[in-house]
Amino acid sequence: MITAPAPEAPHWVQLLLSLLGILGGTTGLAAIATVLSQRGKFKADAADTLTEAALTLVQPLQTRITELEGEALHARSELGTLREQVNQLQFVVRVLTRTLDRWRTAVHAPDATLRKVRAVVADSERLSEDR
């Protein structure tokens with residue numbers, strides 16, 4: 001009896017059958033399919049964990065930033081008040097400096113008399129009352 005040689009399968013079929021045999025048949029293939037299908041779930045779980053950790057770290061920082069913004073607003077308001085007070089004090093210093101200069105000039109004048117110095121002081125007092 002003459003037997004015909006067995007028809008050869010394409011190369012890729014032989015490779016696929018060999019691979020299935022190595023992987024343990026359907027059990028190994030099912031394990032690989034399970035791992036591949038669960039891979040997306042693992043990524044989602046990791047993303048959720050990272051998101052929760054980030055929110056846990058960010059929440060106290062947001063609270064502190066809010067507190068600092070309030071403190072900065074209060075400091076700016078106080079700074080405005082202090083600037084106004086400094087401006088007022090600078091004005092008073094200028095007025096008093098001018099008054100002192102007038103008095104000094106009256107005292108050091110070559111023709112200075114007690115009556116003239118008193119008149120200059122009285123004029124200064126009158127000017128300060130008018131303000």
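**Exercise 1. Confidence and fold**

Among the elements of the protein chain, helix α1 (residues 11-23) has the lowest mean pLDDT, 70, and α2 the highest, 87. Here pLDDT is the predictor's confidence in each residue, from 0 to 100. This is a predicted model, in which local features need pLDDT of at least 70, side-chain atom pairs count only at pLDDT 80 or more, and totals for chains, interfaces and linings use all residues. Residues are numbered from 1 along each chain as its sequence is written, and side-chain values use heavy atoms, with hydrogens and water left out.

Task: State how many helices and strands the protein chain has, and give its mean pLDDT.

Solution. 
- Step 1. Apply the rule: helices (H or I, at least four residues) and strands (E, at least two) are DSSP runs, numbered from the N terminus.
- Step 2. Count: three helices and zero strands.
- Step 3. Read the order from the N terminus: α-α-α.
- Step 4. Take the mean pLDDT of the protein chain, which is 82. Of its residues, 75% reach 70 or more.

**Exercise 2. Surface and burial**

Solution. 
- Step 1. Set the classes: buried means under 20% relative accessible area, exposed over 50%, partly exposed in between (1.4 Å probe, protein chains only).
- Step 2. List its contacts (heavy atoms within 4.5 Å). Not counting residues up to four places away in sequence, S124 touches T99, R102 and W103.
- Step 3. Take the total accessible surface of the protein chain: about 11700 Å², of which 66% belongs to carbon and sulfur atoms. Accessible areas come from the Shrake-Rupley method with a 1.4 Å probe; for residues, only the protein chains shown count as cover.

**Exercise 3. A nonpolar patch**

Task: Name the residues that make the nonpolar surface patch of about 280 Å².

Solution. 
- Step 1. The patch is made by F91, V92 and L96.
- Step 2. Locate F91 in helix α2 (residues 26-108). F91 is partly exposed, at 43% relative accessible area.

**Exercise 4. Salt bridges**

Solution. 
- Step 1. Apply the criterion: a side-chain nitrogen of Lys or Arg within 4 Å of a carboxyl oxygen of Asp or Glu.
- Step 2. E67 and R64 meet at 3.1 Å, N to O. Both lie in helix α2, three residues apart, about one turn. E67 is partly exposed at 42%, and R64 is partly exposed at 40%.
- Step 3. R104 and D101 meet at 3.3 Å, N to O. They are separated by about one helical turn because they are three residues apart in helix α2. R104 is partly exposed at 43%; D101 is partly exposed at 36%.
- Step 4. R126 is partly exposed at 48%, as is D123 at 35%.

Terms used:
Patches are made of residues with over 30% relative accessible area and no salt bridge: like charges are joined within 9 Å, nonpolar side chains (Val, Leu, Ile, Met, Phe, Trp, Tyr) within 5 Å.
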